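Look at the pockets of this protein and at what lines them. The text below takes them one after the other.

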Amino acid sequence: MPLRRLDSNPLLSPDDLRPTRDDLEVFCTLNPGAARIGGEIVLVVRVGERPREEPGTAACVLYDAAAGEVAVRRFRHGDPDLVLGDARGFTYRGRAHLTSLSHLRVARSTDGVHFAFDAAPALFPATPYEAFGCEDPRVTFIEGRYYITYTAVSDRGVAVGLAATEDFRNFVRLGVMLPPSNKDVCLFPRRVRDLYVCRHRPSESGFNPASIWTAYSPDFVSWGRHEMTLAPTPGTWEGGRVGCGPPPVWTPEGWLEIYHAADERGRYCLGAILSDLRRPERVLARSSRPVLEPEAPYELAGIYGHCVFSNGLVVGDDGAMTVYYGAADRISAGAVTTVDEMIAAARA
Ligand code: MAN
């Protein structure tokens, strides 16, 4: 595998921080976005908290925007309206509920390996669009500011939230960037033909599998010129769905990108692509094999096993690359490679 796991994995796990309330427990610390600022590497980590277990019940936790507070709801096992799912959620009266409420939390490091969480959340659910959580952040430095795209989940659907920060201490929300059903959005770090660019991932339907799309914006507000960029390849390790990963890295050879892909059975790997510098909706090269696949114990078992999922990486001046990723939907891990090795992997 061109990506080599760090010896100190897992880098962050639920034991590393305390819950925001006594009646909750930290369930998962996963899918971090990543950035460099000053001498630090910061991760913006999805932290999921769930109600403490009570036998015979299924519980969900949500942000009740009308009341302005977090609420726990419990349903009795055996209730005919309750349909249990996997550890991530269940349905009640046909509506999906998540067992944990995710917020975004900064963790800091000077070596990119040893991280410590901030004492307070960076973005805690605060709007009706975030009632079921803020998930899977991607961080992009654009024109002097760090922008964070994240999944905003609620009974209004799975949407894309946008926030910004200059220092990773103060964060401002910039509203819903794309409406439901969409997630897995990353912003490009530079304009292309004078326009801002993003990848996004509209949900699958009976007609189409989940695929990566590209869109442009003149002002960071209206997004258009949508084109489908990368679709699953049936019958392979990426036969089920694909979605973008960390923000693309500019290289003279093209935009280098790591993306996630699941097969038809839901096993998640990472792949690499290279796309045209001036027309990034055009893919120039696509890895025929995964660049990382679930093999380590913490990738095989957790909340959702057989899963590696990345939305953050950092590149050094020497081309060294650290890819941060969530493993089995439970912990955060890291793996190292170089820009050149990843370009070669995308072409292989
Ligand atoms: C999927 C999974 C979950 C996530 C929801 C909402 O079910 O990715 O982890 O909470 O979508 O985004």
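The second largest pocket draws most of its lining from β24, which supplies 4 residues. Here a pocket is an open set of points on a 1 Å grid over the protein atoms alone, where a 1.4 Å probe fits, with protein on both sides within 12 Å along at least five of seven lines; lining residues have an atom within 4 Å of a point. This is a predicted model, in which local features need pLDDT of at least 70 and side-chain atom pairs count only at pLDDT 80 or more, while totals for chains, interfaces and linings use all residues. Residues are numbered from 1 along each chain as its sequence is written, and side-chain values use heavy atoms, with hydrogens and water left out.

The lining of the second largest pocket comprises 16 residues, and those nearest its centre are Phe141, Pro189, Leu313, Val314 and Val315. By class, 13 are nonpolar, 2 polar and 1 charged (Ala, Val, Leu, Ile, Met, Phe, Trp, Tyr, Cys and Pro count as nonpolar, Asp, Glu, Lys and Arg as charged, and the others, Gly among them, as polar).

Turn now to the largest pocket. Its lining has 37 residues, with Arg46, Arg88, Leu98, Glu135 and Lys183 nearest the centre. To this lining β2 gives the most, 4 residues. The classes are 14 nonpolar, 11 polar and 12 charged.

Where does the ligand sit? The ligand sits in the largest pocket, meaning that more than half of its atoms lie within 2 Å of the pocket's grid points. The shell around the ligand has 2 nonpolar, no polar and 5 charged residues.

Note on methods:
Helix = DSSP H or I, 4+ residues; strand = E, 2+ residues; numbered from the N terminus.
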